[in-house]
Every structure is written in structure tokens, then in C-alpha cells.
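Here's a quick tour of one protein model and what sits around its ligands. Have a look at the structure first, then read on.

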Amino acid sequence: MIVGTRKPLAEIQDMLKGFDRILLSGCDTCVAECVAGGRKEVAELAAALRMAFQMAGREVDIRENSVDRQCIHEFLLDVVEQAESAQAVLSLACGAGVQALAAHLPEIPVFPALNTLFIGETAERGLWLENCRGCGDCLLGLTGGICPVTRCAKSLLNGPCGGPKNGLCEINLAREFNPEVPCAWLQIYERLMALGQLDRLMQVARPKDWSQGDAGGPRRVLRPDQRP
Ligand code: SF4
Ligand code: SF4
């Protein structure tokens, strides 16, 4: 899933300066799961904005809607219809959803209410972890299902650096934010040992072709067999 967090209210208000009819549009899939941009968060943000605008002496018409997936064009038809009477749209989807919606509304500005962060998992209630960078050439088969590209701070492919301390990554230990991140290579080693697959570590990973990831510019997948 895509994980995001809501921008500060002041930043959102600033983006919406000068607009009196605003449609808030949520996405009920990834960003609903991470409690940032689903139907409930649309209602909460709409209430907060109404109050903020009222306190600023502004009369602003704020409408709300939500779709199952803002990044899929077929789901956007209802939003587009409702957006036609708005001066601006505030999307609570991830960056892909915001752009898909903007592509359907060439004459109406579409603003992001979220900061899109990463591809990750819900580890427990209120905790989301980054675990994939979409590198385009997945290595999980060699590393016991633990991603060295994402979960090793240096994206090392052939074992650990010399820095882990007490099982923790040296990079994270040096930061105030998020200090206790396990060394991914220690986790890979322990997992492969538990699976009886330590021999996989004897394979030397070849230099990675980063052009298959985002280093090669925007990517696309074209499946002729799936096209009309
Ligand atoms: S190796 Fe690449 S595709 Fe596989 S989980 Fe890591 S970043 Fe994602
Ligand atoms: S301590 Fe471990 S996770 Fe951190 S950079 Fe070194 S090998 Fe990677």
C-alpha cells in the first residue's frame, strides 16, 4: 500500500487561498488504511477547514466526496461531475491519485492534502513501515523476503557494512527521529539461518541495474494482452 500523512492545516489553507467553492475528495483504499485520506479523514478535514475559514471571516462552500481508488480513471467519473461546480479540488489521495484527478480536470486546480511517503505495510495499529522502493528487479528471493534496497539504510546488496551496533543500524542510531531500526542484514542473516538457506548468501549479488527503478525516469508497464 501507499503510505501518506496529512499536510499541516495551515499549509492546506494557504493552498486554498482565494477559492470559495472547494471539493474535498478522498480515496478509500491505501490512504484510508493509513488513516490519512479516506472518507472519515475527508469529513474531519472538511470540519477543520470550515471552522478555520469561519474564524478567518471567510464564507467558503466545502463539499465532500470519496471514491474507492482515485488512481484508477474509471472511478473518477463521479468526482469529475461534482468538481465541475467547484473552483478548486483538494485531493486526499496519494500523489498518483492527485495527478489522475488533475488529468481529468484540466480547468480546475487540484491540490494535494497529503504528503505521499512510501510503499509499506501496516505493522500494527498506528504503525506503518516502509519496505519496498519499487526498484524494478526484486531481490527478495535471495534475501529471505527482507528487502536490502529499502530496509538497509545504504541499500547494500552483499551483506552488512561494519556499522551495526547491538543489532541496530548505525545510520538510524545517529538520528533523533526513528533511532531504533534493526540492521536489515542482520535480519536477513537470521531469517535465512532459520530457513536453512544460509547458502544463498554465498551468491554474490551483481551490480544492480538501477535504470529499472526510478533512476531511469518515469516508468510504465504496457501489457498488450490486457489492452482493448
Ligand atoms: S528488492 Fe526492489 S522490488 Fe523487491 S521489495 Fe526491495 S525495493 Fe521492492
Ligand atoms: S548497519 Fe546494517 S542496515 Fe544499517 S547500513 Fe549497515 S548493513 Fe545496512
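Start with Arg151, which counts as buried because 22 other C-beta atoms lie within 10 Å. (Buried takes 20 or more other C-beta atoms within 10 Å of the residue's own, exposed takes 12 or fewer, and partly exposed is in between; C-beta atoms are placed from the backbone.) Bear in mind that this is a predicted model, where local features need pLDDT of at least 70 and side-chain atom pairs count only at pLDDT 80 or more, while totals for chains, interfaces and linings use all residues. Residues are numbered from 1 along each chain as its sequence is written, and chains are lettered from A and ligands numbered from 1 in the order in which they are written.

**More on Arg151**
- You'll find Arg151 in helix H6, residues 148-151. (Helices are DSSP runs of H or I with at least four residues, strands are runs of E with at least two, and both are numbered from the N terminus.)
- Skipping neighbours within four places in sequence, Arg151 has contacts with Asn131, Ile146 and Ala184; contact means C-beta atoms, placed from the backbone, within 7 Å.
- From Arg151 to Leu198 it's 47 residues in sequence and 19 Å in space, C-alpha to C-alpha.

**Around the ligands**
- Ligand 1 has Cys132, Arg133, Gly134, Cys135, Cys138, Leu139, Leu140, Cys147, Val149 and Thr150 around it. (To be near, a residue needs its C-beta atom, placed from the backbone, within 6 Å.)
- That shell around ligand 1 splits into seven nonpolar, two polar and one charged residues. (Nonpolar covers Ala, Val, Leu, Ile, Met, Phe, Trp, Tyr, Cys and Pro; charged covers Asp, Glu, Lys and Arg; the others, Gly among them, are polar.)
- Ligand 2 has 14 residues around it, and Cys152, Pro160, Cys161, Cys169 and Cys183 come nearest.
- Helix H7 (170-173) and helix H8 (184-194) are the elements that give two or more residues to the shell around ligand 2.
- Sorted by class, the ligand 2 shell holds eleven nonpolar, one polar and two charged residues.

**Strands**
- Strand S1 (residues 2-6) runs antiparallel to strand S6 (residues 114-124), with five bridges joining them; strands pair if DSSP finds at least two bridges between them.
- Within that pairing, Val3 sits opposite Phe118 in S6.
- S6 also pairs with strand S7 (residues 127-132), antiparallel over five bridges, and Ile119 has Cys132 in S7 as its bridge partner.
- Two residues lie between the strands in the S6 and S7 hairpin, where Gly126 takes a positive phi near 80°.

Methods: Two residues are in contact if their C-beta atoms, placed from the backbone, lie within 7 Å.
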